[in-house]
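Here is a short report on one protein chain. Look at the structure first, then read on.

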Amino acid sequence: MVTSSVPRLVIAAPSSGSGKTTVATGLMAAFAARGLAVSPHKVGPDYIDPGYHALATGRTGRNLDAYLCGPELVAPLFLHGARGCDLAVVEGVMGLYDGAAGEGELASTAHVAKLLRAPVVLVVDASSQSRSVAALVHGFASWDPQVRVGGVILNKVGSDRHEELLREALDSAGVPVLGALRRAQQVDTPSRHLGLVPVAERQSAAVEAVRAMAAQVEQGCDLEALWGLARSAGALTCAPWEPPVTTTGQREVVAVAGGPAFSFSYAEHTELLAAAGAEVVAFDPLHDEQLPQGTAGLVIGGGFPEVYAAELSANEPLRRAVAELALGGAPVAAECAGLLYLCRELDGRPMCGVLDATARMSERLTLGYRDAVAVGDSVLAAAGTRMRGHEFHRTVVEPGAGAAPAWGVRAPVRRVEGFVQQGVHASYLHTHWASEPGVARRFVERCRTS
């Protein structure tokens, strides 16, 4: 086993909306500007925040999800991402102790902090309180003795006097104040129906937003104290995760959709495909009129096709190429946005027509972790394979399952969902393939034999 002591911080908060993303991204950028190699991480299944983290650090943003991957993989995946880095910053999810519904601490920020033996910095929205902040911080710091809250960053502070009152109150809580960010300096990070607008859609505006976050943190936080806290993290005794390598001859081309409409992916998926013998080639369904030359398999992950339905529909040559590939029996793995793209239509606009189904926007948000089992054999999994997934969408596909469904889902109600036909596996479920490396190996093998 390997013992590692990568300096690291977990940025948490009492609740969502407190400013975790601003602080975490700003810290990453501020430390990177000082010449440190910073490894960015995000607790939970969120795809959007890691895009901002990647801009801040110049490194791939990676997720740490104890539900999707299991607690035993959190530290190995962390060390895989943080290899060769001087510092790791981990942005939490929701409130510090909020985890998977009905599962106790599982997948909470506190759970991940304990698995990483990392100190926690609590970001507190101080806009509507003064002395009460001490009770709040004391409660979070004392709730679980195994979670070490090493400092507080006060956000949305109104004035010098307000900051003085907050600091006086926190003197009695025994948790040092490591920063105070003014209310008037909040960074503009636009949102819409599923959260922040992804980096891939904002480009230069996102770069400016990250630069502003860094300036805000640099001005309002004690970076030396935060660096010292990061170096106090406990040693991790485990080996970094590695994608299992399959020795092959010819490498099969696996096309992976990207660009603004399909920006949701876990970095480990492409690493697993490459290790299994694939030549991974990215393409953008908004602009590329053909699939990459020699494409033997296709992966279409999550994103916002509903925002780009007109443009995706207008790219008829690519829609036709996708349909020909899928109907010819080639392996196709589609998750959420990919599922919508394979339907006959999305909000009345023609899509690829691979699946005999229609998709439309809905007022209802579908959100949550899912336990799933493969109903039958597919290019991704053998019948009976169990995986955990996550749903996050405001769309509806009708029908919700084909004659051969992709998954049987246990919660919130027992149901089947998704489509398996020929080489296509299409589903709303986002999964993390590191939890079941055989998925990538099976997919590449099918690319080789289809």
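Strands here are DSSP runs of type E with at least two residues, helices are runs of H or I with at least four, and both are numbered from the N terminus. Two strands pair if DSSP finds at least two bridges between them. Strands of a sheet pair through backbone hydrogen bonds, either parallel or antiparallel.

The model is predicted: local features need pLDDT of at least 70, side-chain atom pairs count only at pLDDT 80 or more, and totals for chains, interfaces and linings use all residues. Residues are numbered from 1 along each chain as its sequence is written, and side-chain values use heavy atoms, with hydrogens and water left out.

Strand β3 (residues 38-43) runs parallel to β4, and 3 bridges join them.

**The cores**

A nonpolar core is a set of buried Ala, Val, Leu, Ile, Met, Phe, Trp, Tyr and Cys residues joined through side-chain atoms within 4.5 Å. Buried means under 20% relative accessible area, exposed over 50%, partly exposed in between (1.4 Å probe, protein chains only). The largest nonpolar core has 114 residues. Its residues with the most contacts inside it include Phe78, Leu96 and Leu226. Helix α1 (residues 20-33) gives this core its largest share, 7 residues. Another core, of 40 residues, lies apart from it, with Val322 and Tyr428 among its members.

**The rings**

The whole structure holds 7 aromatic pairs. Rings of Phe, Tyr and Trp (its six-membered ring) pair if their centres lie within 6.5 Å; planes under 30 degrees apart count as stacked, over 60 as edge-to-face and the rest as tilted. Here are two of the pairs.

| Pair | Centre to centre | Between planes | Type |
|---|---|---|---|
| Tyr67 and Tyr369 | 4.3 Å | 25 degrees | stacked |
| Phe264 and Phe304 | 5.3 Å | 80 degrees | edge-to-face |

Tyr67 and Tyr369 are 302 residues apart in the chain. Tyr67 is buried, at 5% relative accessibility. Phe264 and Phe304 are both buried. Ring pairs also link these two with Tyr47 and Tyr266 into a cluster.
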